[in-house]
Amino acid sequence: MNDLTVIVENAKLAFAQALTPADLENAKAQFLGKSGHMTELMKGLAQLSVDEKKTRGAAINLSKQAIEVALNARRQAMADDELSAQLRADALDVTLPGRQRGQGGLHPVSLAQERIEEIFRSMGFDVAEGPEIESDWFNFTALNTPEDHPARSMHDTFYVEGGSITAPNLLRTHTSPMQIRYAVQHVKKYRTAAGHSRDDLFSGSMPEIRVIAPGRTYRVDSDATHSPMFHQVEGLWVGENISFKDLKSVYLNFITTFFETDDLKLRFRPSYFPFTEPSAEIDIMFQTGPLNGRWLEVSGSGQVHPQVIRNMGLDPERYIGFAFGSGIDRLAMLRYGVSDLRLFFDGDIRFLSQFQ
Ligand code: PHE
(Lines give C-alpha, C1' and ligand atoms only; values in the text may rest on other atoms or scores of the structure.)
Protein backbone atom coordinates (compact mmCIF):
# COMPACT_ATOMS: atom_id res chain seq x y z
CA MET A 1 0.00 0.00 0.00
CA ASN A 2 1.52 3.35 -0.95
CA ASP A 3 1.43 6.39 1.34
CA LEU A 4 -1.57 7.95 -0.45
CA THR A 5 -3.72 4.86 -0.09
CA VAL A 6 -2.83 4.74 3.60
CA ILE A 7 -3.87 8.39 4.06
CA VAL A 8 -7.20 7.84 2.26
CA GLU A 9 -7.90 4.76 4.41
CA ASN A 10 -7.00 6.71 7.59
CA ALA A 11 -9.28 9.56 6.53
CA LYS A 12 -12.18 7.15 5.94
CA LEU A 13 -11.56 5.59 9.33
CA ALA A 14 -11.43 9.00 11.08
CA PHE A 15 -14.66 10.05 9.37
CA ALA A 16 -16.38 6.83 10.33
CA GLN A 17 -15.29 7.28 13.94
CA ALA A 18 -16.57 10.87 14.10
CA LEU A 19 -19.85 10.76 16.05
CA THR A 20 -20.84 14.41 15.90
CA PRO A 21 -20.64 17.07 13.16
CA ALA A 22 -17.92 18.79 15.25
CA ASP A 23 -15.84 15.55 15.34
CA LEU A 24 -16.25 15.32 11.59
CA GLU A 25 -15.08 18.90 11.00
CA ASN A 26 -12.00 18.22 13.16
CA ALA A 27 -11.24 15.08 11.15
CA LYS A 28 -11.69 17.02 7.93
CA ALA A 29 -9.16 19.65 9.12
CA GLN A 30 -6.64 16.90 9.83
CA PHE A 31 -6.71 15.76 6.22
CA LEU A 32 -7.87 18.67 4.06
CA GLY A 33 -7.13 21.68 6.30
CA LYS A 34 -4.38 24.29 5.82
CA SER A 35 -1.85 22.19 7.69
CA GLY A 36 -3.57 18.88 7.02
CA HIS A 37 -1.94 15.80 5.52
CA MET A 38 -2.97 16.53 1.93
CA THR A 39 -1.79 20.16 2.06
CA GLU A 40 1.57 19.00 3.42
CA LEU A 41 1.87 16.51 0.55
CA MET A 42 1.14 19.27 -1.99
CA LYS A 43 3.84 21.44 -0.47
CA GLY A 44 6.29 18.52 -0.96
CA LEU A 45 5.74 18.74 -4.76
CA ALA A 46 7.99 21.78 -4.91
CA GLN A 47 11.11 19.63 -4.59
CA LEU A 48 10.16 17.35 -7.49
CA SER A 49 11.04 17.51 -11.19
CA VAL A 50 8.43 18.66 -13.69
CA ASP A 51 7.55 15.11 -14.81
CA GLU A 52 7.41 13.78 -11.27
CA LYS A 53 5.26 16.75 -10.27
CA LYS A 54 2.72 15.76 -12.95
CA THR A 55 2.26 12.15 -11.92
CA ARG A 56 2.62 12.75 -8.18
CA GLY A 57 0.29 15.81 -8.37
CA ALA A 58 -2.37 13.85 -10.25
CA ALA A 59 -2.16 10.99 -7.72
CA ILE A 60 -2.48 13.42 -4.79
CA ASN A 61 -5.54 15.05 -6.42
CA LEU A 62 -7.21 11.69 -6.90
CA SER A 63 -6.64 10.88 -3.23
CA LYS A 64 -7.91 14.27 -2.21
CA GLN A 65 -11.07 13.69 -4.24
CA ALA A 66 -11.52 10.27 -2.65
CA ILE A 67 -11.24 11.88 0.81
CA GLU A 68 -13.81 14.55 -0.15
CA VAL A 69 -16.20 11.90 -1.42
CA ALA A 70 -15.81 9.99 1.87
CA LEU A 71 -16.32 13.20 3.85
CA ASN A 72 -19.51 14.11 1.99
CA ALA A 73 -20.86 10.58 2.33
CA ARG A 74 -20.29 10.72 6.09
CA ARG A 75 -21.90 14.16 6.33
CA GLN A 76 -24.94 12.92 4.46
CA ALA A 77 -25.17 9.82 6.67
CA MET A 78 -25.02 12.01 9.79
CA ALA A 79 -27.76 14.29 8.49
CA ASP A 80 -29.90 11.26 7.60
CA ASP A 81 -29.42 9.77 11.07
CA GLU A 82 -30.37 13.05 12.67
CA LEU A 83 -33.50 13.35 10.58
CA SER A 84 -34.65 9.82 11.36
CA ALA A 85 -33.99 10.40 15.07
CA GLN A 86 -36.09 13.53 14.89
CA LEU A 87 -38.89 11.77 13.05
CA ARG A 88 -38.82 9.01 15.61
CA ALA A 89 -39.03 11.54 18.43
CA ASP A 90 -41.94 13.41 16.85
CA ALA A 91 -43.78 10.22 16.02
CA LEU A 92 -47.52 10.72 15.84
CA ASP A 93 -50.06 7.94 16.11
CA VAL A 94 -52.62 8.83 13.46
CA THR A 95 -54.80 5.91 14.53
CA LEU A 96 -55.61 7.54 17.90
CA PRO A 97 -59.19 8.88 18.03
CA GLY A 98 -59.33 12.60 17.28
CA ARG A 99 -60.56 15.29 19.64
CA GLN A 100 -64.18 15.95 18.91
CA ARG A 101 -66.38 18.90 19.59
CA GLY A 102 -69.01 17.59 22.02
CA GLN A 103 -72.59 17.71 20.89
CA GLY A 104 -74.56 20.31 22.82
CA GLY A 105 -78.01 19.72 24.21
CA LEU A 106 -80.86 21.39 25.99
CA HIS A 107 -80.71 22.16 29.70
CA PRO A 108 -83.08 19.98 31.78
CA VAL A 109 -85.09 23.06 32.76
CA SER A 110 -85.43 23.99 29.07
CA LEU A 111 -86.46 20.42 28.30
CA ALA A 112 -89.15 20.63 30.98
CA GLN A 113 -90.29 24.04 29.71
CA GLU A 114 -90.55 22.81 26.11
CA ARG A 115 -92.56 19.86 27.31
CA ILE A 116 -94.92 22.13 29.26
CA GLU A 117 -95.40 24.41 26.24
CA GLU A 118 -96.15 21.46 23.99
CA ILE A 119 -98.76 20.06 26.37
CA PHE A 120 -100.57 23.37 26.85
CA ARG A 121 -100.46 24.16 23.13
CA SER A 122 -102.23 20.86 22.56
CA MET A 123 -104.98 22.11 24.89
CA GLY A 124 -105.40 25.32 22.88
CA PHE A 125 -103.24 27.64 25.02
CA ASP A 126 -101.16 30.40 23.49
CA VAL A 127 -97.55 30.70 24.73
CA ALA A 128 -96.37 34.22 25.63
CA GLU A 129 -93.20 35.71 27.02
CA GLY A 130 -92.84 38.77 29.23
CA PRO A 131 -90.07 41.02 30.53
CA GLU A 132 -87.94 39.90 33.49
CA ILE A 133 -87.49 43.50 34.64
CA GLU A 134 -90.98 44.53 35.59
CA SER A 135 -92.71 47.57 36.98
CA ASP A 136 -94.31 47.72 40.39
CA TRP A 137 -97.71 48.08 38.71
CA PHE A 138 -97.65 44.78 36.82
CA ASN A 139 -95.77 42.79 39.46
CA PHE A 140 -97.85 43.93 42.44
CA THR A 141 -100.42 46.70 42.22
CA ALA A 142 -102.40 45.48 39.21
CA LEU A 143 -102.42 42.07 40.88
CA ASN A 144 -104.35 43.51 43.78
CA THR A 145 -101.25 43.81 45.97
CA PRO A 146 -101.02 47.51 46.91
CA GLU A 147 -97.88 49.11 48.31
CA ASP A 148 -98.45 48.34 51.99
CA HIS A 149 -99.84 44.84 51.44
CA PRO A 150 -98.16 42.23 53.69
CA ALA A 151 -98.03 39.70 50.82
CA ARG A 152 -95.28 41.84 49.28
CA SER A 153 -92.83 40.86 51.98
CA MET A 154 -92.91 37.25 50.75
CA HIS A 155 -91.77 38.58 47.41
CA ASP A 156 -88.63 40.42 48.45
CA THR A 157 -86.67 41.02 45.28
CA PHE A 158 -83.97 43.00 43.50
CA TYR A 159 -84.79 46.62 42.73
CA VAL A 160 -83.10 48.98 40.30
CA GLU A 161 -83.42 52.73 39.80
CA GLY A 162 -86.61 54.15 38.35
CA GLY A 163 -90.08 52.85 38.93
CA SER A 164 -93.23 53.60 36.98
CA ILE A 165 -95.34 51.73 34.45
CA THR A 166 -92.97 52.83 31.74
CA ALA A 167 -89.78 52.57 33.83
CA PRO A 168 -89.69 49.01 35.12
CA ASN A 169 -87.53 48.75 38.18
CA LEU A 170 -87.66 45.33 39.78
CA LEU A 171 -86.87 41.75 38.84
CA ARG A 172 -90.27 40.11 38.64
CA THR A 173 -91.00 37.84 41.59
CA HIS A 174 -93.45 35.67 39.65
CA THR A 175 -94.84 35.27 36.15
CA SER A 176 -98.25 36.60 37.24
CA PRO A 177 -97.60 40.10 35.79
CA MET A 178 -98.08 38.38 32.44
CA GLN A 179 -101.74 37.82 33.35
CA ILE A 180 -102.27 41.56 33.13
CA ARG A 181 -99.92 42.27 30.21
CA TYR A 182 -101.38 39.56 28.03
CA ALA A 183 -105.02 40.25 28.92
CA VAL A 184 -104.69 44.01 28.33
CA GLN A 185 -103.29 43.39 24.82
CA HIS A 186 -105.97 40.82 24.13
CA VAL A 187 -108.81 43.11 25.27
CA LYS A 188 -107.41 46.09 23.37
CA LYS A 189 -107.85 44.20 20.09
CA TYR A 190 -111.62 43.86 20.58
CA ARG A 191 -112.52 46.97 22.54
CA THR A 192 -112.17 49.57 19.79
CA ALA A 193 -113.87 47.35 17.23
CA ALA A 194 -116.81 46.99 19.63
CA GLY A 195 -117.00 50.75 20.20
CA HIS A 196 -115.99 50.65 23.87
CA SER A 197 -114.18 53.67 25.24
CA ARG A 198 -110.89 53.35 27.06
CA ASP A 199 -112.50 53.89 30.46
CA ASP A 200 -115.31 51.35 30.11
CA LEU A 201 -114.74 47.87 31.29
CA PHE A 202 -115.14 45.62 28.31
CA SER A 203 -118.30 43.53 28.37
CA GLY A 204 -118.71 42.80 24.68
CA SER A 205 -117.95 39.48 23.14
CA MET A 206 -114.39 38.38 22.52
CA PRO A 207 -112.57 35.04 22.23
CA GLU A 208 -111.46 33.59 25.55
CA ILE A 209 -108.04 34.40 26.97
CA ARG A 210 -106.14 31.15 27.18
CA VAL A 211 -102.39 31.51 27.66
CA ILE A 212 -99.34 30.22 29.45
CA ALA A 213 -96.30 32.40 30.12
CA PRO A 214 -93.12 30.58 31.13
CA GLY A 215 -89.94 32.34 32.16
CA ARG A 216 -87.39 33.40 34.76
CA THR A 217 -88.42 34.86 38.08
CA TYR A 218 -86.42 36.23 41.01
CA ARG A 219 -86.60 36.34 44.79
CA VAL A 220 -84.21 36.75 47.70
CA ASP A 221 -84.10 33.07 48.48
CA SER A 222 -81.39 30.41 48.40
CA ASP A 223 -81.24 26.83 49.68
CA ALA A 224 -81.54 23.26 48.32
CA THR A 225 -85.03 23.91 46.98
CA HIS A 226 -84.89 27.68 46.36
CA SER A 227 -82.66 29.67 44.07
CA PRO A 228 -82.61 33.50 43.71
CA MET A 229 -83.38 32.90 40.03
CA PHE A 230 -85.94 30.25 39.23
CA HIS A 231 -88.53 29.44 36.59
CA GLN A 232 -92.28 29.62 36.65
CA VAL A 233 -95.04 29.04 34.20
CA GLU A 234 -98.15 31.15 34.50
CA GLY A 235 -101.46 29.86 33.22
CA LEU A 236 -104.55 31.98 32.58
CA TRP A 237 -107.93 31.08 31.19
CA VAL A 238 -110.61 33.78 31.26
CA GLY A 239 -113.96 33.67 29.54
CA GLU A 240 -117.62 33.97 30.34
CA ASN A 241 -118.01 30.70 32.14
CA ILE A 242 -114.63 29.35 33.21
CA SER A 243 -114.63 27.71 36.64
CA PHE A 244 -112.53 25.77 39.11
CA LYS A 245 -113.82 22.61 37.43
CA ASP A 246 -111.97 23.68 34.25
CA LEU A 247 -108.83 24.40 36.28
CA LYS A 248 -108.98 20.91 37.74
CA SER A 249 -109.44 19.16 34.41
CA VAL A 250 -106.76 21.25 32.65
CA TYR A 251 -104.25 20.77 35.45
CA LEU A 252 -104.89 17.07 35.83
CA ASN A 253 -104.54 16.60 32.08
CA PHE A 254 -101.31 18.59 32.13
CA ILE A 255 -99.72 16.84 35.08
CA THR A 256 -100.52 13.29 33.96
CA THR A 257 -99.17 14.05 30.48
CA PHE A 258 -96.07 15.73 31.90
CA PHE A 259 -95.22 12.80 34.17
CA GLU A 260 -96.53 10.20 31.71
CA THR A 261 -98.64 8.46 34.33
CA ASP A 262 -102.29 8.34 35.33
CA ASP A 263 -101.15 6.93 38.63
CA LEU A 264 -101.23 10.16 40.57
CA LYS A 265 -103.60 12.14 42.73
CA LEU A 266 -104.24 15.86 42.66
CA ARG A 267 -105.49 17.94 45.56
CA PHE A 268 -106.44 21.58 46.04
CA ARG A 269 -105.36 22.92 49.40
CA PRO A 270 -106.93 26.25 50.48
CA SER A 271 -104.41 29.07 50.34
CA TYR A 272 -104.18 32.80 49.87
CA PHE A 273 -103.00 35.04 47.04
CA PRO A 274 -104.13 38.66 46.73
CA PHE A 275 -104.92 38.20 43.03
CA THR A 276 -107.10 35.09 43.27
CA GLU A 277 -110.25 34.40 45.27
CA PRO A 278 -110.66 31.64 46.26
CA SER A 279 -107.03 30.48 46.14
CA ALA A 280 -105.49 27.05 46.37
CA GLU A 281 -102.16 25.30 46.31
CA ILE A 282 -102.10 22.35 43.95
CA ASP A 283 -100.44 19.26 45.42
CA ILE A 284 -99.79 16.00 43.62
CA MET A 285 -99.07 12.51 44.96
CA PHE A 286 -97.51 9.70 42.96
CA GLN A 287 -98.90 6.21 43.57
CA THR A 288 -95.69 4.45 42.49
CA GLY A 289 -91.96 5.17 42.42
CA PRO A 290 -89.64 6.68 45.02
CA LEU A 291 -91.91 9.67 45.79
CA ASN A 292 -94.95 7.44 46.24
CA GLY A 293 -97.33 8.50 49.02
CA ARG A 294 -96.06 12.05 49.65
CA TRP A 295 -98.03 15.18 48.81
CA LEU A 296 -95.82 17.49 46.72
CA GLU A 297 -96.69 21.13 46.17
CA VAL A 298 -96.38 22.07 42.50
CA SER A 299 -98.47 25.18 41.94
CA GLY A 300 -100.36 28.13 43.30
CA SER A 301 -103.76 28.73 41.71
CA GLY A 302 -107.15 30.27 42.09
CA GLN A 303 -110.09 32.03 40.53
CA VAL A 304 -108.95 35.37 39.15
CA HIS A 305 -109.93 38.14 41.61
CA PRO A 306 -112.61 40.57 40.32
CA GLN A 307 -110.24 43.50 40.87
CA VAL A 308 -107.63 41.81 38.66
CA ILE A 309 -110.29 41.21 35.99
CA ARG A 310 -111.02 44.94 36.21
CA ASN A 311 -107.34 45.78 35.89
CA MET A 312 -107.29 43.70 32.71
CA GLY A 313 -109.94 46.08 31.37
CA LEU A 314 -112.71 43.53 31.68
CA ASP A 315 -116.08 43.66 33.39
CA PRO A 316 -116.01 41.16 36.29
CA GLU A 317 -119.78 40.81 36.06
CA ARG A 318 -119.24 39.16 32.71
CA TYR A 319 -115.76 37.65 32.77
CA ILE A 320 -114.41 35.00 35.10
CA GLY A 321 -111.57 32.54 35.00
CA PHE A 322 -108.66 30.87 36.72
CA ALA A 323 -104.94 31.32 36.94
CA PHE A 324 -102.12 29.17 38.17
CA GLY A 325 -98.38 29.60 38.64
CA SER A 326 -96.21 26.48 38.75
CA GLY A 327 -92.51 26.08 39.45
CA ILE A 328 -90.83 24.68 36.33
CA ASP A 329 -87.66 23.76 38.24
CA ARG A 330 -89.72 21.85 40.77
CA LEU A 331 -91.49 19.93 37.99
CA ALA A 332 -88.13 19.18 36.34
CA MET A 333 -86.69 17.97 39.68
CA LEU A 334 -89.62 15.61 40.16
CA ARG A 335 -89.54 14.34 36.61
CA TYR A 336 -85.78 13.69 36.57
CA GLY A 337 -85.36 12.69 40.22
CA VAL A 338 -83.01 15.57 41.10
CA SER A 339 -82.87 16.30 44.83
CA ASP A 340 -80.94 19.60 44.88
CA LEU A 341 -82.19 22.52 42.81
CA ARG A 342 -78.74 24.11 42.78
CA LEU A 343 -77.45 21.34 40.49
CA PHE A 344 -79.51 22.89 37.69
CA PHE A 345 -77.62 26.17 37.93
CA ASP A 346 -74.04 25.08 38.75
CA GLY A 347 -73.28 24.45 35.08
CA ASP A 348 -71.46 21.18 35.77
CA ILE A 349 -71.24 19.39 32.43
CA ARG A 350 -71.15 15.94 34.10
CA PHE A 351 -74.58 16.62 35.55
CA LEU A 352 -76.04 18.33 32.48
CA SER A 353 -74.87 15.75 29.96
CA GLN A 354 -77.01 13.10 31.64
CA PHE A 355 -80.10 14.68 30.12
CA GLN A 356 -79.00 14.35 26.48
N1 PHE B 1 -97.75 33.98 41.51
C2 PHE B 1 -97.96 33.05 42.59
C3 PHE B 1 -96.59 32.74 43.24
O4 PHE B 1 -95.60 32.96 42.63
C5 PHE B 1 -98.57 31.77 42.10
C6 PHE B 1 -99.96 31.95 41.56
C7 PHE B 1 -100.17 32.22 40.22
C8 PHE B 1 -101.05 31.85 42.40
C9 PHE B 1 -101.46 32.38 39.73
C10 PHE B 1 -102.32 31.99 41.94
C11 PHE B 1 -102.53 32.26 40.62
O12 PHE B 1 -96.52 32.29 44.36
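Domain bounds here come from an automatic or database domain assignment. On that basis the chain is divided into domain 1, residues 2-89, and domain 2, residues 108-355. The model is a predicted one. Taken over C-alpha atoms, the centres of domain 1 and domain 2 are separated by 96 Å.

**Helices H3 and H4**

Start with a helix pair. Helix H3 covers residues 37-44, and helix H4 covers residues 50-89. Their axes come within 10 Å and cross at roughly 170°. Angles over 145 degrees count as roughly antiparallel. H3 and H4 are therefore roughly antiparallel to each other.

Which residues make the contact? From H3 come Met38, Leu41 and Met42. They meet Arg56, Ile60, Asn61, Ser63, Lys64 and Ile67 in H4.

Is Ser63 buried or exposed? Ser63 has a relative accessible area of 7%. Buried means under 20%, so Ser63 is buried. Setting aside neighbours within four places in sequence, Ser63 is in contact with Leu4, Val8 and Met38.

Strand E9 spans residues 320-327, and strand E8 spans residues 296-304. E8 and E9 pair in the antiparallel sense over five bridges. Gln303 has Phe322 as its bridge partner in E9. Gly300 has Gly325 as its partner in E9. E5 and E9 also run antiparallel, joined by eight bridges. There, the partner of Gln232 in E9 is Gly327.

How enclosed is E9? Six of its eight residues are buried, so E9 is largely enclosed by the rest of the structure.

Pro278 is found in E7. The cis bond joins Glu277 and Pro278, with omega about 0°.

**Helices across the sheet**

Span runs from the first C-alpha to the last.

| Helix | Residues | Length | Span | Expected span |
|---|---|---|---|---|
| H5 | 108-122 | 15 residues | 21 Å | 21 Å |

In H5, the span is close to the value expected at 1.5 Å a residue.

In H8 they are Asp246, Leu247, Val250, Tyr251, Phe254, Ile255, Thr256 and Phe258. An α-helix has 3.6 residues a turn, so residues three or four places apart point the same way.

What follows each helix? Just after H5, Gly124 takes a positive phi of about 85°. H8 is followed by Glu260, whose phi is also positive, near 50°.

**Positive phi outside glycine**

Glu260 is not a glycine, yet its phi is positive, at about 50°. This residue lies in the loop between H8 and E6. Is Glu260 buried or exposed? Its relative accessible area is 57%, and Glu260 is exposed.

Asn144 is not a glycine either, and it has a positive phi of about 65°. Where is Asn144 found? Asn144 sits in the loop between helix H6 (136-139) and strand E3 (170-171).

Methods:
Residues are numbered from 1 along each chain as its sequence is written. This is a predicted model: local features need pLDDT of at least 70, side-chain atom pairs count only at pLDDT 80 or more; totals for chains, interfaces and linings use all residues. Side-chain values use heavy atoms; hydrogens and water are left out. Two strands pair if DSSP finds at least two bridges between them. Helices (H or I, at least four residues) and strands (E, at least two) are DSSP runs, numbered from the N terminus. Buried means under 20% relative accessible area, exposed over 50%, partly exposed in between (1.4 Å probe, protein chains only). Axes are lines fitted to C-alpha atoms, for helices over the stretch in contact, and angles run from 0 to 180 degrees between N-to-C directions. Angles under 35 degrees count as roughly parallel, over 145 as roughly antiparallel, 65 to 115 as roughly perpendicular and the rest as oblique. Contact means heavy atoms within 4.5 Å. The expected span of a helix is 1.5 Å times one less than its number of residues.
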